[in-house]
Amino acid sequence: MTAPALELAGITKRYPGVLACDAVDFRVEPGSVHALVGENGAGKSTLMSIACGLVAPDAGTVHIGGELLGRRGPARARALGLGMVHQHFLLVPTLSVADNVVLGREPGRLGAYDRAAAEARVRATALRYGFDLDPRARVGDLSVGEQQRVEIVRVLDTGARVVILDEPTAVLVPQETAELVRILRDLAAAGHAIVFISHRLPEVRAIADTITVLRGGRVVETLAARAASEANLARAIVGRALAAPVVARARSVAGAVLELTDVRTAGTRGALQGVSLTVRAGEIVGVAGVEGNGQQALLRSVLGLETPRSGSIRFAAHDVTHTGVAERRRRGMAYVSDDRLGEGLVPEMTLAENLLLSTPQSDALGWRGFLRPAAWRARAAAILDAAAVRPARADRDARTLSGGNQQKVVLGRELAGAPRLLVLGQPTRGVDVGGIEFLHAQILSARDAGAAVLLVSADLAEIRALADRVVVLYGGQLRGPLDIDAATPERLGRLMLGAEDVA
Amino acid sequence: MNRRAAWVAAIVAPALAVLAALATGALLAAALGRNPFEIYALLGRETFGSWYGLGQVLFKATTLAATGLAAAMAFRAGLFNVGAEGQLYLGGLAAAVAALTLPPACPAVLAIPVTLVAAAAAGAAWAGVAGVLRARLGVHEVIATILLNFIAMALGSWILVTHFAQFETLHTAEIPAAARWARLESVWPAFRGAPLNGAAWLVLVLSGACVVLLWHTRWGFEVRAVGASEKAARAAGIPVRRRLFEAMAVSGALAGLAASNFVQGYKYYFEDGFTAEAGFRGLAVALLARSHPLGIVPAAILFGALDRGGFVLSQKVPKEFADILQALVLLFVVVLQPGLRRFMERRQSLEGRE
C-alpha cells in the first residue's frame, strides 16, 4: 500500500469569529480524482490553502506524498510535488505560453534565458499528456480554456504529483469542460492525484472518483462518486433538501420595455458590433456567451455608462440612447453588476448606506436633501429582512458579508423600487447553492410581477433555469434568439464558440 | 463590531503616538545635552499651562483646523487637495480686498460675512480650477493643485504689489474695524495678549457643518460614495464628475476661510507669506484626525501646541526640535493605527465568542 498523495489529518483552523476548519480529515489517493464540494464559507478554500502551505493550521498535519509539510510554507509544498490551478489565472498575457510556464524557473545559464529549452520543455509536457498547445502562442490571444491548460502545464512542469484545481469549470463552455475532464482523467491515469473544487454537481459526478462534502468547516461525508446522486449531494451541501428546480416559464408577456437597434460601441476587443435585442415586460431574456465577447459593452450600454457609437436604445417608450444612468434609473431601470464589490456595492460603507445607493427618489430622503437617519435605517432593515440577510443588521460594513449575502443586498436594493427592467450581470457568480436558490426565486418573482429581465451570464445552467428566451453573444454580435426549450447545452455551446448553428 | 474598533483605534492611536513621540523626543533632548523633563515642563507651561499660552495655541489651531477640514473634505471625496496653501493665500487676499472696498459705514453684521464670502469664494474658485481639470480632463488633482499653488502665489503677490501694497511693505492697508473679529480677551480677559479671536468660533461651526453636510445630506452621502468607489457611484446614477468638482470647490472654500483667522482676527491686513505652510500642514491634521471633521479640532490643537512649543523651546533647543516632534507624531500614528485596529478587531471577536 503506497502512501496517499495528499493527506490532511485533524486540520483545525480558527479565524476571528469563525471556525473555518474543524478537525478535517481529507486524503487523496494517487491516480484518482477527488472532488471537494461545499457552499461558500464551508472551508474549502481554507483547507486547500493549508494544503498548499499558504496558511498554517492551528492543529493537524499535512502530508504530501508521505512527507510532512510542516510550517515551511508554499515553497516546501511545491517541492513535495503539490501544485494549484487558481480560479483566476496568474498568467502574464503579453508573454508566450512557454515564457509563462517556466516563469520563475527559467532554463538558462549565467542569467541568460534559454527560450528554446523552455519551449522544448513545454512541448514535451504537452505531448506526454496529449495537450494541444503551441508554446510560442501569446497567452493574451488564447481562449480561456487554453489559458487554463497553460496553468495546468505550468503546475505539471514544476513536477507536481498532486494538482488542485479551484472551480476550474466556472469559466468554460461545455465543450471546453469536456476537454478538461478528459485531461484530468488522463492525468489521473498517469498516476497524478487531482483535487477538484466545484459548485457544479453534474460535473463533479462525471469527473470524480471520490467526493468529499464540507459544511461549516466539517466533513459531512466522503463517498464514491458512483454512489452519489445529485439530490443527495445537494442535501449534504446545504444541510437540507432544496426545493425542486423552478420551471415556471413566463405566463403573460406584454409590450417591449427595452429595445436595442443595431447598437455598436467604440473599441475593438469586446465591443458590440451591431446588436439588436428586445426585452418585453414579464419575460427573462438570457444572454449566454463566453466572457469577453461584448458582455461588458452590452451591460454598460443598456445602463447608460457608455454611449453607443451608433444605433439606438429605447427604454420604457423613450429614446434613451444619449441619456445617463440617473435618467434611466428614474425611468425604472435596475442593475445588478457582475462586479459586486466594484460596482454593486461600496465595501467600506455600511449596509444602510449601500441600500441608499441608487435609490435617489426614495422616501428615505427627508427634507430638502437632508437625510432622515431613522427613516432610512428602518427602510434598510426592511429590505435586509425581505432579502433574508442574517443577521439583518444595517450598520455592518458591506465588506464583512459573504458573497451570497452581498448579492442578496444588491438584488434587494434594486428590486425595492419595483423596476420596469432588471439588468443582471452574472447575478450568482461565486454564490453558494442555497444563495442561488433564493436569488433565482427573487428574480422569477420580479418577472412574474411584470418586470422585464435581461440576464447576462456565462453560466449556462443559470440561463437554462431562468430564461424564457436565449440569445448568444459572440464576437460582439447576437445569435438567436432561441426558445429556451430549443436551447440545449450542446447547441448553446456551439454558438458560444462561434460555430454555425445546427439545430 | 468593527465600527467600535475603528472608533477606539481612532482615539487611542493618536494618543499613543503623542506619547511615543514625546518619549523619542526625550531621547533626542538628552542627546542634545538637555534635561528632557525641563524641556517638557517648559513646553507644558507655555502651551496648556497658562491662559496666554493656551490662547496662542488655540489661535494657531484655528487656521490649522480650517485647512484640516479642507483636506478632510477632499479626502472624503477621494481627492488629495495639496493646493490648500494657494487657496488659503488667495482667500486671504480676497478677504482683505473685499473688506477694504466696503463702504465706510458698513456695519459689522454685513462686513464680516461679506469678507468671509470673499475668502471662501476665492478659495473655491482656485480649487475649482483643479476640480474642473480633474472632472473634465482627468488631470490628477495632486499635480494640478501643487502647480496651482505656484501660480496662486505669483498671481497674488503681483496683485498685491501692483494694487494694494502699502508703501515699502508687502502687505495691504488695515481693513476697517467693522470687518474684524473681536479678540477673545475682550470677553475673556484671561487670554490677554493672545491673538485668539472670533474665527475660532467660526471654525467650530464649520466643523459641525461638515459633519452635517457629509453624513446627514444626500449630497454628502453621494460625495462619500464617490470617494469610496467611483465605479459603484457611477453605476448608481450619481453624477460623479459634478460631485468631484463640488467637493473640490467646498474644500477650497474651507481653505480660503482659514485666512480669516489672520486677516480678520490677527494682523487685520493681508501679507505676503502669511500662510506659513498652514495649507500643507492641514493635510497632516486631516491624517491625524482620520479625515473626521470632529477629530480635526483636537488634532489641530495638538499641532497648534507643537507649533507654539517650537517657538518657546527655541531658547533651549534648536527650533527644529518641535518640527521633529510633529513629524514623529505623524509617523507613529501611521505606524500604530493599522496594528491597533487589527488588535481591537481580534480582541472583540474573541469576546464575541465567549
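Student: A residue is buried if 20 or more other C-beta atoms lie within 10 Å of its own. What percentage of the 354 residues of chain B count as buried?

Tutor: The model is predicted. With that cut-off of 20 or more C-beta atoms within 10 Å, the share is taken over the 354 residues of chain B.

Student: How many helices and how many strands does chain B have?

Tutor: From the N terminus on, the elements of chain B run α-α-α-α-α-α-α-α-α-α-α-α-α-α. The count for chain B is therefore 14 helices and zero strands.

Student: What is the radius of gyration of chain B, and why is the chain called as compact as a globular protein of its length?

Tutor: The C-alpha trace of chain B spans about 70 × 60 × 35 Å along its principal axes. For 354 residues the globule rule gives 20 Å, and the value for chain B is close to this, so the chain is as compact as a globular protein of that length. The radius of gyration of chain B is 21 Å.

Student: Which strands are the edges of the open six-stranded sheet in chain A?

Tutor: The sheet has mixed pairing and the order β16-β17-β18-β13-β19-β20 in chain A. An edge strand here pairs on one side only. The edge strands of chain A are β16 (333–336) and β20 (477–483).

Student: Which residue of β18(A) is the bridge partner of Gly286(A)?

Tutor: Strand β13 (residues 284–288) of chain A pairs in the parallel sense with strand β18 (residues 452–456) of chain A, over four bridges. In β18(A), the partner of Gly286(A) is Leu455(A).

Student: Which helix of chain A lies across β13, β19 and β20?

Tutor: Helix α14 (residues 403–416) of chain A lies across β16 and β17 (421–425) of chain A, at about 175° to β16(A). The helix across β13, β19 (469–474) and β20 of chain A runs at about 30° to β19(A). That helix is α17 (residues 489–496) of chain A.

Student: Which residue of chain B is among those with the most contacts inside the largest nonpolar core?

Tutor: This core has 273 residues. Those with the most contacts inside it include Leu421(A), Val423(A), Leu454(A) and Leu455(A). Beyond its neighbours within four places in sequence, Leu421(A) is in contact with residues including Phe315(A), Met333(A) and Leu454(A).

Student: Which residue in the turn between β9(A) and β10(A) has a positive phi?

Tutor: Strands β9 (residues 210–215) and β10 (residues 218–224) of chain A run antiparallel and are joined by six bridges. Arg215(A) stands opposite Arg218(A) in β10(A). The hairpin has two residues between its strands, and the one with a phi of about 55° is Gly216(A).

Methods
Residues are numbered from 1 along each chain as its sequence is written. Chains are lettered from A and ligands numbered from 1 in the order in which they are written. This is a predicted model: local features need pLDDT of at least 70, side-chain atom pairs count only at pLDDT 80 or more; totals for chains, interfaces and linings use all residues. Two strands pair if DSSP finds at least two bridges between them. Two residues are in contact if their C-beta atoms, placed from the backbone, lie within 7 Å. Axes are lines fitted to C-alpha atoms, for helices over the stretch in contact, and angles run from 0 to 180 degrees between N-to-C directions. A nonpolar core is a set of buried Ala, Val, Leu, Ile, Met, Phe, Trp, Tyr and Cys residues joined through C-beta atoms within 7 Å. A residue is buried if 20 or more other C-beta atoms lie within 10 Å of its own, exposed if 12 or fewer, and partly exposed in between; C-beta atoms are placed from the backbone. The radius of gyration is taken over C-alpha atoms; the globule rule is 2.2 Å times the number of residues to the power 0.38.
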